[in-house]
Amino acid sequence: MDIEPAHPRLLVGALAAIFATSGGLVATTSPAEALSAPSGLHAAYVATKGVGLQWKSVGDDAYRVRISTSSTMESNQDTWDVLGSSYEWIRTKASPNTMSPRLTPGETYYFQVKAITDDRNVSARDDLSSYSRTLKITLPKTGASELKPVGVKATRASATSMYVSWRSRGPGVDYVLRYTSNPRLSVVKWKSIKTDAEGGVVTGLKAGTKYYFRSRVIDSAGRGISDYSAASAAALAGSPSSRRLTMVSYNVHKASGTPTWDTRRKAVAANILARKPAVVALQEASPLRYGEVKQYDDLVGLLGPDYALVTRAGSSGSKLVHNKTRTSVVKAGTRALTTVGTATRYAVWAVLEDKQTDGRFFVINTHLEPGAPAAGTYNDARIKQAREVLALIDANAGNLPVVIAGDMNSSRTAEPNNGQYETFTRAGYVDPLDNEDASWAAGREASAEHTLDVEYNSFNGFEPEARRTSFPIGSVVDYVYTSPGIRVATWRTVVKLDTKGAFVGVIPSDHNLLALDLHLGKPVPK
């Protein structure tokens with residue numbers, strides 16, 4: 001597996017603003033501080049264990065923020081570099097590599113911010129200004145411990161449902177989302193749903209109606225531990241051009257070695273079923289035996305009678321499964337890909353018909369060649385295999401919407417390059433996460449409307465704590481690409497964590513499940 005090394009001074013995701021990035025005390029030799037120091041630094045919202053900072057934009061809209069317990073900013077300090085004029089500080093150290101202590105209720109902290117150049121390389125970022133005036137904040141001793149959710153947004157899922165999401169408040173917390181069509185009511189009288197991630201789908205709404213949404217963080221007992229977010233409004237005017245269709249992609253780890261399949265199999269199935277998918281792309285669902293059946297047949301059996309393989313033709317561990325109540329198989333096939341290792345690699349594909357719309361679409365699943373650089377041998381093999389996947393699409397998809405899923409065994413830091421990514425995207429397919437580069441700007445051009453827990457890597461290696469990198473989007477070896485006409489409403493990297501970022505219960509696989517809500521567009525005529 002290609003695992004992206006973590007920078008010793010980097011963090012993002014649930015613990016930072018969505019465009020937080022690498023930082024630290026960096027020696028610079030700025031030729032000139034051409035701008036005035038950023039003004040308007042203030043606490044936009046506070047909790048007993050955190051503060052949300054904002055200031056006025058200047059220069060490249062890139063900044064270095066620092067915290068200290070000293071008014072002189074000379075001791076007990078840390079810095080972080082961010083894009084955009086806001087930052088949330090909730091721990092004494094920003095690095096994700098060690099879970100540093102939370103800010104202390106009742107403690108006084110001092111903050112400053114300065115403008116810097118927006119170079120991707122941290123060592124190349126020059127100062128554009130001096131530090132701002134010092135902001136002194138004494139956190140409250142009592143009250144809400146967590147920062148209120150911000151960035152609440154809603155988009156239509158159907159004529160009577162909406163997708164809603166907000167900024168993560170860290171691992172291991174739940175949320176209550178409240179909604180109403182009458183904002184004059186007290187918020188406690190709004191209808192509510194509980195979610196285990198920073199978003200979800202609200203159903204049972206009234207068509208053509210404007211709704212208001214507010215969320216807050218809750219503890220395991222359902223008690224509020226943050227203030228409510230500001231209200232966000234969205235109207236259910238009209239409906240999308242197609243119905244929501246959920247798809248998951250999951251490398252389930254072959255049934256050999258440890259931890260054993262016997263200890264994981266029910267957790268894998270439960271993880272899939274919780275998403276209620278119409279299509280399941282499996283990797284490493286191997287033909288190895290579990291008792292009297294093969295691993296993939298055991299898993300499909302655990303999913304229940306509604307699920308079946310699209311084809312039983314040989315494809316090793318790369319399998320496509322569909323929900324028979326939602327889709328029917330028009331045609332399907334498999335192909336062995338070019339192989340340079342000891343195991344033959346396959347692609348499995350199908351043309352499926354959505355029974356709710358009569359629309360058809362094409363889906364293909366694969367597991368490309370693993371291997372680190374060896375004079376480019378493995379990267380070259382993945383490029384060739386990706387081209388063979390594209391040839392299968394050209395030969396069988398016609399003008400249908402296309403979804404490509406799989407463990408591509410290559411990440412954005414692969415050497416000499418992430419060849420499969422370039423192959424698929426240059427062919428016109430879309431990465432909904434905009435996860436091309438290990439950059440503090442990763443994900444800024446994402447086409448996925450709502451992204452949940454995407455700061456976590458797709459490969460977890462069965463390690464107790466969930467892996468993530470220093471950037472807003474985690475490093476992935478598992479990908480889903482779509483043709484341009486497909487609307488990706490939500491993308492979720494599924495992790496079940498405690499508040500320290502460690503997995504709770506059985507870790508189902510060495511990869512995390514990817515779940516997407518798709519709208520395929522207007523049905524293509526048969």
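This is a predicted model: local features need pLDDT of at least 70, side-chain atom pairs count only at pLDDT 80 or more; totals for chains, interfaces and linings use all residues.

Colleague: How many helices and strands does the protein chain have?

Modeller: The protein chain has 4 helices and 29 strands, where helices (H or I, at least four residues) and strands (E, at least two) are DSSP runs numbered from the N terminus.

Colleague: And what about the radius of gyration?

Modeller: The protein chain has a radius of gyration of 24 Å, which agrees with the value near 24 Å for a compact globule of 526 residues; the radius is taken over C-alpha atoms, and the globule rule is 2.2 Å times the number of residues to the power 0.38. Along the principal axes, the C-alpha atoms fill a box of roughly 70 × 60 × 40 Å.

Colleague: What share of the residues counts as buried?

Modeller: Of the 526 residues, 56% count as buried, with buried meaning under 20% relative accessible area, exposed over 50%, and partly exposed in between (1.4 Å probe, protein chains only). Among contacts (heavy atoms within 4.5 Å) between residues at least 6 apart in sequence, 69% join residues at least 24 apart.

Colleague: Let's zoom in on helix H2: which of its residues are buried?

Modeller: Helix H2 spans residues 295-303, and its buried residues are Gln295, Tyr296, Asp298, Leu299, Val300 and Leu303. What covers them includes helix H1 (261-273) as well as strands E17 (279-283) and E21 (319-323). After H2 comes glycine 304, whose phi is positive, near 105°.

Colleague: Which residue does aspartate 297 meet in a salt bridge?

Modeller: The side chain of aspartate 297 meets that of arginine 312 at 2.9 Å, N to O, a salt bridge being a side-chain nitrogen of Lys or Arg within 4 Å of a carboxyl oxygen of Asp or Glu. Because aspartate 297 lies in helix H2 and arginine 312 in the loop between E20 and E21, the pair ties together parts that are 15 residues apart in sequence. Aspartate 297 is partly exposed, with a relative accessible area of 26%, whereas arginine 312 counts as exposed at 57% relative accessibility.

Colleague: How many salt bridges are there by that rule?

Modeller: The count comes to 19 salt bridges. One of them joins the side chains of lysine 194 and aspartate 174 (3.7 Å, N to O), and this pair links distant parts of the chain, with lysine 194 in strand E12 (residues 191-195) and aspartate 174 in strand E11 (residues 174-180), 20 residues apart. There is also a network of salt bridges that links Arg64, Asp81 and Arg125.

Colleague: One more, then: is leucine 520 buried or exposed?

Modeller: Leucine 520 is buried, with a relative accessible area of 13%, and its place is in the segment after strand E29 (513-519). Leaving aside residues up to four places away in sequence, leucine 520 touches Ser242, Leu245, Phe361, Pro401, Gly485 and Ile486. The C-alpha atoms of leucine 520 and phenylalanine 361 are separated by 7.6 Å, although these residues are 159 residues apart along the chain.

Conventions:
Residues are numbered from 1 along each chain as its sequence is written. Side-chain values use heavy atoms; hydrogens and water are left out.
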